[in-house]
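Take this structure a piece at a time. Keep the sequence beside the 3D view while you read.

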Amino acid sequence: MLIERDAPLERLTELASRAASGAGSCVVIEGGAGIGKTALLHHVQQGAAALGLQTLSATGAELEREHAFGVARQLLSPAWRSATKEDRAELLDGAASLALPLLDLTHEHPGAAGAAETQSILYGTHWLLATLAERRPLMLVVDDAHWADEPSITLLEYLARRVAEIPVLLVIGKRPAAPGAASLVLTAETIRLEPLSLGGVVAMADLLSETAETADLATACHQATGGNPLYVYAVLSELRDRGLEQQAEQAVADLGPEPVARSVDRRLSELPPAATAVAEALAILGDDATLLDVAGLAALETSQAAGAADALVRASILARGERLAFAHPVVRATITGRIGDHEQGLRHAQAATQRMKRGRDPERVASHVLRAPAGLVDGAYGVLRTAATAALSRGAPALAATFLRRATDEPCSPQERLDALVALADAQGRAVDPATLQTFAEAQAAASDPDRRAEITISRSLMLYREGEGRLAVDELQRQLRGGELSDQVAIRVKAALLTLADLDLSLRPQLHGQLDELVADLRREGAAPGAVVLAHEAVEERLRYRDSVANGDLSERALRACLQTLEAAPGTQPIHEAMLGLLVLFLDASEHLSALDELVNRALVLAAKNGNAVTYAHLGVTYTWSLIRQGALEDAERLILGVRDQGAPKTVWMRAWVSGLGQAVRAEFEPELGLDPLGHPDELDVGEDEVPPAERALLSVLRGKLLLAKGELEGGLAALLKGGEELGRLGTPAGNYHWRSDAALALGRLGRLDEARSLATEELELNRRWGAPRALGHSYRAAALLAETDEERLEGLLEAVRLLEGVRAPLELARTLVEVGACLRRMNRRADARQPLRRAIELADGCAPHTRVAQRARTELAACGGRAPRSSAGGVEALTASERRIVDLAVQGLSNPQVAQELFISRRTVESHLASAYTKLGIAGRGELGRVLTPAN
């Protein structure tokens with residue numbers, strides 16, 4: 001019975017119709033307990049079939065929140081069970097195979113066994129649903145989502161951001177807030193269900209009451225219940241059953257403020273004691289319990305339990321149907337409230353023991369163990385470890401950590417407790433839990449074997465570095481070596497970790513007291529050819545001395561390839577190699593080995609996405625975004641940094657700062673009049689000393705200075721640049737990628753401090769002459785030229801910068817320089833000569849992206865020279881960005897948009913966006929004409 005729900009029902013029907021036509025969306029139905037969410041969702045599902053939609057549904061349950069992806073599995077199981085063997089093979093083709101752990105198919109696909117990353121499962125599930133929706137549009141309905149398990153909530157949040165790309169209507173029913181319940185963060189349309197009006201209560205009374213006059217009865221019910229439909233129903237039913245409808249006002253008052261609880265209590269009191277025992281047993285076991293489970297916990301014969309269950313159905317305490325379930329969550333909560341807290345703990349221990357003996361799902365047994373006092377369930381340690389392994393295999397590390405933490409409190413041997421602590425630290429690290437470091441410390445203290453303790457220390461040291469505690473990390477690693485009890489293999493691993501930390505954070509080198517050469521020699525002795533760690537170190541050493549950029553690029557490329565080969569062979573097991581990736585990408589960019597950079601970064605990004613390694617993906621995405629900005633690939637840069645933000649990957653303070661800062665840096669390149677969302681404020685980059693490694697803090701300060709200068713805040717921008725530059729100098733960190741000296745010099749020049757400005761500009765120019773990378777050197781020449789004393793000297797320096805920048809991948813930097821050439825020529829009264837470089841600057845800037853600041857300034861200068869701006873003619877194959885070219889190449893090979901998306905681990909919408917841009921640049925109407933302008937060969 002739906003009363004006063006016409007508007008929500010109409011809107012849901014409209015969205016279902018749109019999904020049937022291919023336009024997906026997400027909508028949240030929100031309201032308190034008893035407001036009618038379930039009834040509305042049930043009604044909508046009935047109408048979905050008439051529109052041609054296939055409906056998949058699931059319901060969250062408070063007692064099932066420890067079942068990893070339990071709600072998600074409810075959603076997918078019906079479609080999966082009904083699929084033929086051939087259909088299943090098609091459904092799991094490509095990226096959808098990453099959903100294997102969620103589907104519990106590791107026994108059919110042994111390669112899916114082991115720990116899975118949440119992000120890869122989310123990605124795979126998205127593609128599995130996309131394949132299902134291509135066959136028939138879908139309506140996904142999740143009721144009581146506030147009680148869903150955390151991994152399923154993460155999946156719902158992930159899907160809510162992406163269903164617009166596929167013909168899927170995702171409908172989520174939830175309460176605004178519930179004690180102990182999870183919080184969903186959804187950017188979706190929300191329909192809030194309101195209580196019934198007095199007229200609505202009158203309509204319900206007319207349907208339920210046996211009296212002809214319902215006005216007084218409805219008024220009393222409305223005042224007592226606030227119009228909550230479930231409470232109104234409970235009051236009206238109670239009054240009708242007790243024959244009190246004629247005494248409405250007094251009778252309603254006598255029922256008290258909790259009509260459902262009073263009604264349940266009364267109905268139970270009228271049933272045999274076995275009914276209460278069955279209801280309480282089911283409240284402990286949860287709605288997934290079988291009759292045999294309930295009978296066992298209630299200490300009844302199966303026939304007695306069956307009779308009692310039937311009686312509870314007739315009393316509307318249990319719902320009708322094949323499975324045992326309460327009529328409403330409020331009813332279950334009422335039954336649970338009858339059992340004291342300590343008694344609940346004992347009964348959960350009994351339930352765990354009973355289900356363990358019957359071979360039930362370890363996660364379900366473990367959920368009872370968590371609610372029982374420690375030590376009451378024999379074999380609890382083993383069950384919790386098994387449940388944790390299952391949770392990890394489904395990409396639910398936070399849930400695995402819950403099981404493992406409890407396992408350390410159960411009776412077990414010292415070795416078992418150590419194993420649980422190590423597994424707990426690993427799970428917490430995957431979940432980016434702040435308690436990870438402390439757990440690692442517990443494990444270190446519990447480890448009596450030196451090799452085992454050293455392995456734990458390696459993992460802890462990399463986490464300490466990321467938390468800005470690099471010095472402590474080095475101390476702990478050195479302490480392991482000084483013990484002298486390590487096997488050769490483990491000692492080498494400790495030394496590799498020390499060398500990596502010294503390269504990632506140069507401020508740690510003084511602690512090593514000249515041991516670097518010895519560490520490198522020891523690592524070299526392990527093989528004829530140096531491995532990735534040694535190659536990376538050699539690249540760092542070359543970069544610190546500003547030596548040959550070409551040689552440095554070769555070293556960095558070899559090191560990065562070696563890292564990727566190691567990670568591809570053993571994904572997720574080499575944290576040292578993962579830590580080096582971002583540094584090597586930075587070096588490849590500084591060395592301007594851009595073709596290798598594109599290939600290797602995208603290979604690494606796909607690997608990180610495929611393995612669900614969100615942290616590595618974020619680090620790579622941030623580093624590569626900066627490179628793309630320097631290359632002038634603004635569209636690709638924005639797509640990448642927004643993709644990193646959309647993945648929800650940035651967990652640490654400094655990663656959030658980088659994502660915000662680089663998003664601002666992209667937007668700062670465009671005309672202010674566009675009114676673009678700035679994606680944050682420069683002050684977000686002013687992080688505390690204890691929150692990030694020193695070099696990261698310094699580089700964030702440099703980026704903050706650049707952003708402030710772009711906003712016209714000269715003094716603040718200069719101060720931030722000088723602060724960051726001073727810190728980088730103290731650390732000995734090369735910052736050629738960031739050009740802080742030249743930017744600070746130009747700010748000093750605008751403030752009239754010319755001597756300081758020229759000194760800084762000259763210093764950077766000399767460093768980049770030694771380095772020899774054309775793009776960096778051209779940038780330095782432009783800055784130094786702009787600070788020259790005469791226009792003639794200025795023009796000479798600018799033309800040298802143009803010469804250096806010609807032929808390298810730096811169109812926006814070249815455009816900036818050409819604008820300065822034109823402006824200089826105009827000031828020298830050579831207006832005719834100024835027009836050609838200004839027109840070329842416009843063409844270059846427009847080829848990077850429309851409406852950039854550089855192009856705007858070039859047009860202003862050209863107008864001042866009496867010239868007319870050229871029409872935007874950026875096009876052809878050369879105009880394609882690196883991302884557009886990768887996608888176009890796959891399209892030319894015959895891959896569909898979904899296949900391209902799965903191949904590159906990006907969304908279908910991203911593919912469509914890139915292709916639309918590529919079609920415009922290539923001057924074609926669509927995919928059918930690609931073969932005319934491109935072939936796989938060219």
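A residue is called buried when its relative accessible area is under 20%, exposed when it is over 50%, and partly exposed in between, using a 1.4 Å probe and protein chains only. This is a predicted model, in which local features need pLDDT of at least 70 and side-chain atom pairs count only at pLDDT 80 or more, while totals for chains, interfaces and linings use all residues. Residues are numbered from 1 along each chain as its sequence is written, and side-chain values use heavy atoms, with hydrogens and water left out.

Start with Gln428. Its relative accessible area is 6%, so Gln428 is buried. Gln428 sits in helix H20, residues 414-430. Helices (H or I, at least four residues) and strands (E, at least two) are DSSP runs, numbered from the N terminus. Contact means heavy atoms within 4.5 Å. Setting aside neighbours within four places in sequence, Gln428 touches Ala401, Asp433, Ala435, Thr436 and Thr439.

Asp755 belongs to helix H36, residues 754-771. With a relative accessible area of 66%, Asp755 is exposed. Asp755 and Ala745 are 10 residues apart in sequence, and their C-alpha atoms are 9.4 Å apart. Val606 is in helix H29, residues 594-610. Val606 is partly exposed, at 22% relative accessible area. Along the chain, Val606 and Glu903 are 297 residues apart, yet 8.4 Å separates their C-alpha atoms.

Now look at whole helices. The expected span of a helix is 1.5 Å times one less than its number of residues. Helix H5, residues 118-135, has 18 residues. From first C-alpha to last, H5 reaches 26 Å, close to the expected 26 Å. H5 is mostly covered, with 16 of its 18 residues buried. Helix H33, residues 694-710, has 17 residues and reaches 25 Å, close to the 24 Å expected. Of the 17 residues in H33, 16 are buried, so the rest of the structure largely encloses this helix. After H33 comes Gly712, with a positive phi near 90 degrees.

Next, see how helices pack. Axes are lines fitted to C-alpha atoms, for helices over the stretch in contact, and angles run from 0 to 180 degrees between N-to-C directions. Angles under 35 degrees count as roughly parallel, over 145 as roughly antiparallel, 65 to 115 as roughly perpendicular, and the rest as oblique. A crossing is left-handed if the near helix is turned anticlockwise from the far one by less than a right angle, and right-handed if clockwise. For contact residues, Ala, Val, Leu, Ile, Met, Phe, Trp, Tyr, Cys and Pro count as nonpolar, Asp, Glu, Lys and Arg as charged, and the others, Gly among them, as polar.

Helix H12 (residues 273-285) and helix H13 (residues 291-298) cross at roughly 115 degrees, and their axes come within 9 Å. The two are therefore roughly perpendicular. Their crossing is right-handed. Ala277, Val278, Ala281, Leu282, Ile284 and Leu285 of H12 meet Asp293, Val294, Leu297 and Ala298 of H13. These residues divide into nine nonpolar, no polar and one charged.

H13 also packs on helix H16, residues 341-357, at about 130 degrees, with the axes 10 Å apart. That angle makes H13 oblique to H16. H13 passes H16 in a right-handed crossing. Here Asp293, Gly296 and Leu297 of H13 make the contact with Arg347, Gln350, Ala351, Gln354 and Arg355 of H16. Two of the residues in this contact are nonpolar, three polar and three charged.

Helix H22 (residues 450-466) and helix H23 (residues 470-482) pack at about 165 degrees, with axes 8 Å apart. H22 and H23 are therefore roughly antiparallel. The crossing is left-handed. Their contact residues divide into eight nonpolar, four polar and three charged.

Finish in the loops. Most residues other than glycine have a negative phi. Asp144 has a positive phi, near 50 degrees. Asp144 is found between strand S3 (138-143) and helix H6 (150-160). At 7% relative accessible area, Asp144 is buried. Glu592 also has a positive phi, near 65 degrees. Glu592 lies in the loop between helix H28 (575-591) and H29. With 16% relative accessibility, Glu592 counts as buried.
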